Amino acid sequence: MVGPLIKGLMVTLKYFFTRPITVQYPKKKVGSFERYRGLQAIRRNKDGTIRCVACGLCEAVCPSKAITIEIGEDEQGRRYPISYILDGYRCIYCGFCEDVCPVDAIYLTREYENVRYKREELLLDKDILMQRGEVVK
């Protein structure tokens, strides 16, 4: 009976003097893994225009139907997204949209903070996604 009690106290003493592994999250950020798929973003061209060519493949391949695209065409016959809406509430962060994009316009960043208080705040349009995105060289 005393054996298990002493064994338990030894484990407690062993970990009592070690450094804690808890991170004080809001003050100290934890990095993500190299292959982590986080928040979505859309890349821009050097001139600031959207890189997306409105092919519709990301909308077709999305298993949760989180992407909605309205496609337009300019005078030269080039397609562009009139509206690009990503429902962050439905997205499962699978990365299929990133994989299927022929011009690498949409990608998943390594950011992981996506807390919102209202569902409407998770409806991300192309302007919000382009603000998160980077400029392609």
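Me: What is glutamine 40 in contact with, leaving aside its neighbours within four places in sequence?
Reply: In this predicted model, glutamine 40 is in contact with Leu86, Cys91, Tyr93, Tyr107, Leu108, Leu124, Leu129 and Arg132. Contact here means heavy atoms within 4.5 Å. Glutamine 40 itself is found in strand β1, residues 40–42.

Me: Why is glutamine 40 called buried?
Reply: Its relative accessible area is 1%.

Me: What makes cysteine 101 buried?
Reply: The same cut-off of under 20% applies: cysteine 101 has 14% relative accessibility, so it counts as buried. It is found in the loop between α3 and β4.

Me: Where does UniProt place the feature "binding site"?
Reply: The unreviewed UniProt entry places it at Cys52, Cys55, Cys58 and Cys101. These positions are spread over 50 residues of sequence, yet they cluster in space, with a largest C-alpha distance of 10.5 Å.

Me: Which residues have the most contacts inside the largest nonpolar core?
Reply: That core has 15 residues, and those with the most contacts inside it are Ile42, Cys58, Ile67, Tyr84, Leu86, Ile106 and Leu129. The elements giving two or more residues to this core are β2, β3 and α4. Not counting residues up to four places away in sequence, isoleucine 67 touches Cys58, Glu59, Cys62, Tyr84, Ile85, Leu86 and Cys97.

Me: How do you know that the span of helix α1 agrees with what it should be?
Reply: Helix α1 has 15 residues, and at 1.5 Å a residue these should span 21 Å. The expected span uses one less than the number of residues. The end C-alpha atoms of α1 are 21 Å apart, so the two values agree.

Me: What makes you say that α1 is hardly covered?
Reply: The count of buried residues among its 15 residues is zero.

Me: Last one: how does the protein chain compare with a compact globule?
Reply: A compact globule of 137 residues would have a radius of gyration near 14 Å, but the protein chain has 23 Å. Its C-alpha atoms fill a box of roughly 85 × 30 × 30 Å along the principal axes.

How values were computed:
Residues are numbered from 1 along each chain as its sequence is written. This is a predicted model: local features need pLDDT of at least 70, side-chain atom pairs count only at pLDDT 80 or more; totals for chains, interfaces and linings use all residues. Side-chain values use heavy atoms; hydrogens and water are left out. Helices (H or I, at least four residues) and strands (E, at least two) are DSSP runs, numbered from the N terminus. Buried means under 20% relative accessible area, exposed over 50%, partly exposed in between (1.4 Å probe, protein chains only). A nonpolar core is a set of buried Ala, Val, Leu, Ile, Met, Phe, Trp, Tyr and Cys residues joined through side-chain atoms within 4.5 Å. UniProt positions are given in the numbering used here, feature names are shortened, and annotations may be inferred rather than shown by experiment. The radius of gyration is taken over C-alpha atoms; the globule rule is 2.2 Å times the number of residues to the power 0.38.
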